[in-house]
Amino acid sequence: MADSRRSAPLSWTNKPAAKMSDVVEKTLTALPSLLSLDSQPGSAKLSSSSKLGNLIRGITELTSKHEEEKLIQRELVSIKEQVSSPNTTMRQMKELMVRAIYCESLGYEASFSYIHAIKLAQQGTALEKRVGYLAVSLFLNENHELLLLLVNTVLKDLQSTNLIEVCMALTVVSQMFPKDMIPAILPLVEEKLNHPKEIIRRKAVLALYKFYLIAPNQVQHIHNKFRKALCDKDPGVMTASLHIYLQLIQENPDGYKDLTASFVTILKQVVGGKLPIDFNYHSVPAPWLQIQLLRILSLLGKNDQNASEIMYEILDESLQRAEMNHNITYAILYECVKCVYTIHPKSDLLEKAAKCIGNFVLSQKINLKYLGLKALTYVVQQDPKLALQHQMTIIECLDHSDLIIKRETVELLFRITNAQNVMVIVDKMLEFLRVSPDDYTTIDLTGKVAELAEKYAPDNEWFIETMNTVFSVGGDMMQPDIPNSFLKLLSEGFDGVEEDRKLRLFAVDSYVSLLRGEPGKLPQRFLQVISWVLGEYSHLMEELEPATVLRLLERLLDMKQTSSETKSWVLMAMTKLCEGGASVAVAQQVSETYISSMDTVLRQRAQELQHLSQDSELRARVLPRDADLEPQEVDSSLSFLDGFVSEALAAGAAPYKPPHQRQEELAQAKALSLEPYGLSLPISMASCSIADRQSPTLLSISSGLSGDSTELSHKGGPTTLKLDGVKRVWGREGYLRESVEEVAQVEVPSPLRSPSQQAGADSSHSQTPTPTPDPEQDKQQLASSLFFGLSSQSPMCLMGKPEPTPNRFRRKTKGQGSSSSATGQTPSPLSSSPSTVDDLLGDDLLDSSIPSEPSVSSSTITLELSQGFTATAHGPCDVEAELADSDVKESNPSPSEDDGLVAADPAPHEDPDRPEDPCLSSHLPAELCEHGHSEITPLCTNQSLELSACHVQKEDSLVFVIFICNSSAIQQIQLELHSEHLEVSCVSDSPEVDVSSHSVTVYQYSLTVKRPSVHVEVAGMVSYQLCDGTPQNLQFSYKLPLTSFIRPLTVSTEEYGTMWLDFCHDTKQNLTLISDGEEPLTATLNVLKRKLQLGVVEVIGMEGILACQLLKDQPCLMHCRVHAGLLAVWLRSPVPDLPDCLIYHCQRALQGD
Amino acid sequence: MMHFLLLFSRQGKLRLQKWFTPLSEREKKKVIRDMVALVLARPARTCNFLQWKDLKIVYKRYASLYFSVGLDEQDNELLALEVLHRYVELLDRYFGNVCELDIIFNFEKAYFILDEFLMGGEVVETSKLAVGASIEEADTFQE
């Protein structure tokens, strides 16, 4: 330390800090001499005498890594010797620790010193302790077990009377304290909030902030103390507390609106220079505090006019004051601008903020330019004209030498893309992609390009070529869902039969020429896409011989960089193509090579190829080419193996046990748990016949023999079954590969092949569709093409806002799928109403991140649908047209729609109520009233509309009812619902929407669970037009517990036994028993029966079995047993996640009492 | 909130590392490697900001040393530059004409100053005087 005190106070007090870097530069020029000559005065002051100094100097003199390693190892041995010696004093220990830290920082492990670091923190005096804590925080991370030894030290130091020790303890606590140890020290830290010294209070607040971040529930009880910290007389403590508030407000802005005025007052005081001069930074008052406050205010003012109005004045003042020319004022300005654009808009503030952004963008300082672009990107959705104003600057930035600036400009362009400028912008993005060295950017940008291409592609050629570039540039880094959704788009089609055919044909053509070129340069993912497309669609190209394609594909197999995954794609494609003598010969040859491959998947594919190429009849059956719209049925229970199983069992084989059961058996090695179900009911032997439940062996035999072991899962109708089966086959990552087999059949209409069309496709290929402006051309022209359509556009049309122009490549399956598969309640897809059509266009369809499972299932469903519904599905009237027509349909629904189940004609229309009438329940359709409904809750309101909703639990369905009260003249109300977890289908629509008078309209939807979750949510949007024709929309969401979908299931004990063995998803947990005088098991089961609608199948002794179903026909079985004062519950179901969700609700139900 | 603060030399040697969010050793190594590579590759007269995964990187070169911090998406880049500057001022004030060698030979002091200035990734004390005083107090205590 002595050497660190070397600097005379004068030397630094006189030095202006801003010049520091220059000074450092000067010092550094002297460096080489310092290092080599020990005798120089400069190096003497650098603790030349200390051992650390010697070590460091030793290392700098070395020439090779090897020498360094030797030296450090020697050093470590010596440190190790000394730290473990009992004679080493704490002072020496401190010195040793510093050296150990140095060695570690060079990348050499010194784990032997960890324990000594903790000892030093425990036993040393102030500075020694400090080094100890520092070493601990550098050596160990949160999860290190040695940290437990530190808890006591921290506790002791927190209670110390020495302020420095308390400070150190608080610092270390915020740095790396294990989560589960927080409760041990929390009271002491809390106590420090009242410490007389402000630095302690500050650090205590920050420590609590850290606790809040890592374990929010542990500091929940001290929220009022945070308020006290906010009111602390020391501005530093108050500043520290703002970190917590920022976090809290981010999570729940509505909970802290009352503080808005206080924050504004604080900001006023700060801006007005009321704080002690200590808080100034380069003569700007407390910039950190100002920025923190601005961030909080923008959160509070977002979507809240009242709160925003309070802050307009101070924002204005901040914008005006920050005229000075210093970085820190720019920082404040930037934050101010963001705030102004986030809160409820005020025109003159926006104007000032826009000017500010202009100054940033036009600034010569590159940092400011960057932030200006960022700000533009941020505001461009609200204010596209601003981008227009600065278009020339943006064009310049697009060619900036700094890649970061370029990147930000590209991002900005991405936000202003529309159908008119998409080609130019995508071109610019791809141009950037080619120069960008950074993987993260590549992944991000390829995703964005793919998104734009899918959304705005002007024509097929452009689309395929753009995607080709995405695949080649994005390579194997890009998000896997890009190729997935691309293939899905190709296979599902989008725009009518002929268009689909052209697109596919073009893809085939383009891929064949790519393969003829240099396929070795293409990334694996792209090769996989190519293989799949060629396998599926190369037959569309008439003059292309399958053998030619096979030979091209064969070349891929021979390249050494081809991964085995790609190879199996290739083999799969070959399997589909081997037709005719020449191809069979190639196929045979290939399959012989790979049939002995070490890779089992490849071997399997080769086997398939061999067999199928020899037997064309079998191939046609397994891989039917086109027009085969029959979905494949997948028997998930593998019941066709029943015969085989029973034979094996008869021959003495052990019955199959699912993995979880085997594991369990391993766990409780000697217990009787060999029986999955028999164990649970051992006493039952007396009370029921042997045939009911016996050993699992017998049970599984019986299930094996029954041949209809999956009867129950079949009950849900074909839809349910297929969903189920598909899921299992397709696994998470297997989507693409399997899709070769399954999705292949999706809607391939028998193609009309004609050479002339082929020629057309060829010629269109040869012309380059991208009108990239020449480099010499004036930037003006680029600008006009980039910003085309921007000026005329209303902000609504920009990205992130509802799209008035539907996507070009719209996938059409999902919405239809949901409507038909929803419950089987809607008798035919024809009865799906206009709002379902709207549904089709819902955002979720465009979401490329849809997991493959549901989308796959929906594709199968479409097939059925299109069969029964050919007129619409294949007719010229595509979805887009339906969209345009939907308003019309809404107002004149066809009479057939009101037939049957849909006959729920809402009575209220005869006597339209005023919307203020709270008694919405009177509007509930009569046939729903008898079932009892949940409380009617408001969904959303504005001046013209009021939406409320409730749900009605019917025996076999769940009806979701939406009430729309319109209080002013609006027209063309449309409702759109979508949900991640639920299938939504429309039961009935209000036949007419009253335009002028105040009326209540009732919409009914039937909901079924697609994917179980503890709570499920329906989100939706209502769109309408004001009387002047302006379109408006409102969004809402409605949450309901999974239990609303649970109904009792009546099964016999025998059936139960059979089902139990079939189900593969299960969960177990111990729950608390209810004991209110009654026999605990009965009491508990009664609660479950009452609250969750579980059906009790049988209760014997201390065990009970229950059954229920998730609407519709998705069973879940429950077995429970009283054990050691707890209820051991075991749930099983064929539906993933269902057991877990149910156990949660059981727990809730039992806790509630 | 800051996620980390790194000091490294033009040769890519790490001089100081401070982590404000928990990371495993392997992740730390990756961050350090990427930071050094990214920052050192930046040509002169380019802006001081970078994007790395979902973090903003703000860096600044003082003589032969690069100071760099990783920030959340919503954090203010310019403010972070000032944090770095204030830290340099603090070092300068303590060491007097601070240079890389001061930080190499007395890295523990550099850490202590940082601990007084930042806590949990946020600025705890903005006053130069106060930080200086508390460090000196601790030093005196030891003597």
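Biologist: Before we look at how helices pack, what are the axes, and between which directions do the angles run?

Modeller: The axes are lines fitted to C-alpha atoms, for helices over the stretch in contact, and the angles run from 0 to 180 degrees between N-to-C directions. Please keep in mind that this is a predicted model.

Biologist: Okay, at what angle do helix 24 and helix 26 of chain A pack?

Modeller: Helix 24, residues 403-415 of chain A, packs against helix 26, residues 439-456 of chain A, at an angle of about 20°, and their axes are 11 Å apart. Because angles under 35 degrees count as roughly parallel, helix 24 of chain A is roughly parallel to helix 26 of chain A. Helix 24 of chain A passes helix 26 of chain A in a left-handed crossing.

Biologist: Which residues meet there?

Modeller: From helix 24 of chain A come A:R407, A:V410, A:E411 and A:F414, and they meet A:T441, A:D444, A:L445, A:K448, A:E451 and A:L452 in helix 26 of chain A. The residues of this contact between helix 24 and helix 26 of chain A divide into four nonpolar, one polar and five charged.

Biologist: New pair: how do helix 29 and helix 31 of chain A pack?

Modeller: Helix 29, residues 497-516 of chain A, and helix 31, residues 546-558 of chain A, pack at an angle of about 50°, with their axes 10 Å apart. That angle makes helix 29 of chain A oblique to helix 31 of chain A, and the crossing of these helices is left-handed.

Biologist: Who touches whom in that one, and what kinds of residues are they?

Modeller: A:V512, A:L515 and A:R516 in helix 29 of chain A meet A:T548, A:L552, A:L553, A:R555 and A:L556 in helix 31 of chain A. The residues of this contact between helix 29 and helix 31 of chain A divide into five nonpolar, one polar and two charged.

Biologist: Let's go to the nonpolar cores, how many residues are in the largest one?

Modeller: The largest nonpolar core has 287 residues, and those with the most contacts inside it are A:V154, A:Y245, A:F263, A:F486, A:V533, A:L553 and B:Y87. Its largest share, twelve residues, comes from helix 2 of chain B, residues 77-95. As background, nonpolar side chains in soluble globular proteins tend to be buried together.

Biologist: What does A:L553 touch?

Modeller: Leaving aside residues up to four places away in sequence, A:L553 touches A:L515, A:S531, A:L534, A:V570, A:A573, A:M574 and A:L577. There is also a second, separate core of 60 residues, which includes A:Y1003, A:L1034, A:V1129 and A:I1143.

Biologist: Which residue other than glycine has a positive phi near 50°?

Modeller: That is B:A63, whose phi is near 50°, and B:A63 lies in the loop between strand 4 (55-62) and strand 5 (65-71) of chain B. B:A63 is buried, with a relative accessible area of 5%. A:D1137 also has a positive phi, of about 70°, although it is not a glycine. A:D1137 sits in the loop between strand 16 (1126-1133) and helix 54 (1138-1152) of chain A, where A:D1137 counts as partly exposed at 37% relative accessibility. For context, most residues other than glycine have a negative phi.

Biologist: Finally, how many helices and strands are in chain A, and how many in chain B?

Modeller: Chain A has 54 helices and 16 strands, and 55% of its 1153 residues count as buried. Chain B has five helices and seven strands, in the order β-β-α-β-β-β-α-α-α-β-β-α from the N terminus on, and of its 143 residues 72% count as buried.

Notes
Residues numbered from 1 in each chain as written. Chains lettered and ligands numbered in written order. Predicted model: local features only at pLDDT ≥ 70, side-chain atom pairs only at ≥ 80, totals over all residues. Heavy atoms only, no water. Helix = DSSP H or I, 4+ residues; strand = E, 2+ residues; numbered from the N terminus. Parallel < 35°, antiparallel > 145°, perpendicular 65-115°, else oblique. Left-handed = near helix turned anticlockwise from the far one by under 90°. Contact = heavy atoms within 4.5 Å. Nonpolar A, V, L, I, M, F, W, Y, C, P; charged D, E, K, R; others polar. Core = buried A, V, L, I, M, F, W, Y, C linked by side-chain atoms within 4.5 Å. Buried < 20%, exposed > 50% of the residue type's maximum accessible area, 1.4 Å probe, protein only.
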